[in-house]
Amino acid sequence: MLYYLFQYLDKVMDVPGAGVFQYITFRSSLALLLSLLLSTIYGKRIISFLSRQQVGETVRELGLAGQNEKAGTPTMGGIIIIFATLVPVMLFAKLHNIYIVLLIVTTLWMGVIGFIDDYIKIFKKDKQGLKGIFKVFGQVGLGIIVGSVLYFSPAVTVRTDTGKSDVFKAITTENVIKQAPVEEKSTATTIPFFKNNEFDYAEVLAWTGEGYEKWAWLIFIPVVVFIITAVSNGANLTDGIDGLAAGTSAVSVFALMIFTFVSGNIIFSNYLNIMYIPNSGEMTVFIASFLGALIGFLWYNSYPASVFMGDTGSLTIGGIIAVLAIAVRKEMLIPLFCGIFLVENFSVVLQVSYFKYTKKRFGEGRRIFLMAPLHHHYQKKGYHESKIVTRFWVVAIMLAILSIVTLKLR
């Protein structure tokens, strides 16, 4: 909203200094600062409100050290993250930008699913919460919406053939502007570590013959659905000990902010020889706000936690990260910069699969890990949860750096 106000003050009223709001870096900095203030200052009030409403965590007996002390700790803290993210976005972002609209919808959509799940657990005294099938329906529904908008909306375009010389000539020579690369609809994405690293989902249907491009949505939308479902569930599984999900997510989000900024800037995208995605740079404002909210939430969620994010936060975090990665065409890097989510998810799949296999084969179920997800395995081995969290953060930082390096390492 403030963006439009200052645009009016600059263009119509000619107020000195009002034009600074046109810069993404300036608005992102303000969004980050405001979200930090909101999550730390108002976070305390939200926690107090949750305590008064007796929105406390019900702890299942898992035989973990320090587990019983967590009983009664306020949950649904994801409300803090959602609130501290959306307020700065509403103030500083271009609300007509298609990517911003998608991210706001994602935040609210996944936040509602998580809130319903937490509500059932707390007030209906049902430890299972929202049935898994309904969660999946919600995630699939969001995936269909996001995939359809990204595929069919004329506002979502890419430019893959912008040579550096063409860009600067187009700026100075009218004749070259007509020859300059054009924005186009595309289902192309980025393959990391390779030169000429664009892969088009439409190519999967090339065997069907001429005109196969118009059916690319049959591949693209299911891929989007799968990614959103997988990443949101991965974030949900990672939310098991104080500060783990919020901290590792903040690292992943920072890497995404780098990707978004350079992909949405024609100068940087040409220098790095990566896909230029018009209007995607605006997502940097959203990411900065989201990053500030996650860091501010850690003020209260670090060990010993004063509040848990609950599914209200974890599902929202996973959904946002997935949509950001897809929008900036970096979904193939998700296993790298979201490596913690992947390992946590995979540990559960391995544990359950191996247990079922050995039970069928030997009549007795056996386990690979002492307990899944993986962070509980280390708890069972006697590691203090703060040590586990810190080491997972370090691994997440290493993976994020490696992800950023792929911008040049091909």
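Helices here are DSSP runs of at least four residues, numbered from the N terminus. The model is predicted.

**View 1. The largest nonpolar core.** This core holds 103 residues, and Phe290, Ile321 and Phe337 touch the most other members. Helix H11 (residues 283-301) gives the most to the core: twelve residues.

**View 2. Surroundings of Phe337.** Neighbours within four places in sequence are left aside here. Beyond them, Phe337 is in contact with Ser252, Leu256, Phe259, Ile321, Ala325, Lys330, Leu399 and Ser403. Phe337 and Ile321 also belong to the core residues that touch the most other members.

**View 3. A nonpolar surface patch.** Phe193, Phe194, Ile397, Ile401, Leu402, Val405 and Leu409 make a patch of about 620 Å². Val405 is found in helix H16 (residues 385-405). Val405 counts as partly exposed because its relative accessibility is 36%, between the 20% and 50% limits. Phe193 is found in the loop between strand S1 (188-190) and strand S2 (198-200). Its relative accessibility is also 36%, so Phe193 counts as partly exposed.

View 4. Phe193, from the patch, has a positive phi of about 75°. Asp14 has a positive phi of about 55°. Asp14 is found in the loop between helix H1 (2-11) and helix H2 (24-52). Asp14 counts as exposed because its relative accessibility is 59%, and the cut-off is over 50%.

View 5. The Tyr303 to Pro304 bond is cis, with omega near -10°. Pro304 lies in the loop between H11 and helix H12 (310-327). The Ala372 to Pro373 bond is cis, with omega near 0°. Pro373 lies in the loop between helix H14 (339-362) and helix H15 (374-380).

Terms used:
Residues are numbered from 1 along each chain as its sequence is written. This is a predicted model: local features need pLDDT of at least 70, side-chain atom pairs count only at pLDDT 80 or more; totals for chains, interfaces and linings use all residues. Side-chain values use heavy atoms; hydrogens and water are left out. A nonpolar core is a set of buried Ala, Val, Leu, Ile, Met, Phe, Trp, Tyr and Cys residues joined through side-chain atoms within 4.5 Å. Buried means under 20% relative accessible area, exposed over 50%, partly exposed in between (1.4 Å probe, protein chains only). Helices (H or I, at least four residues) and strands (E, at least two) are DSSP runs, numbered from the N terminus. Contact means heavy atoms within 4.5 Å. Patches are made of residues with over 30% relative accessible area and no salt bridge: like charges are joined within 9 Å, nonpolar side chains (Val, Leu, Ile, Met, Phe, Trp, Tyr) within 5 Å. Accessible areas come from the Shrake-Rupley method with a 1.4 Å probe; for residues, only the protein chains shown count as cover. A salt bridge is a side-chain nitrogen of Lys or Arg within 4 Å of a carboxyl oxygen of Asp or Glu.
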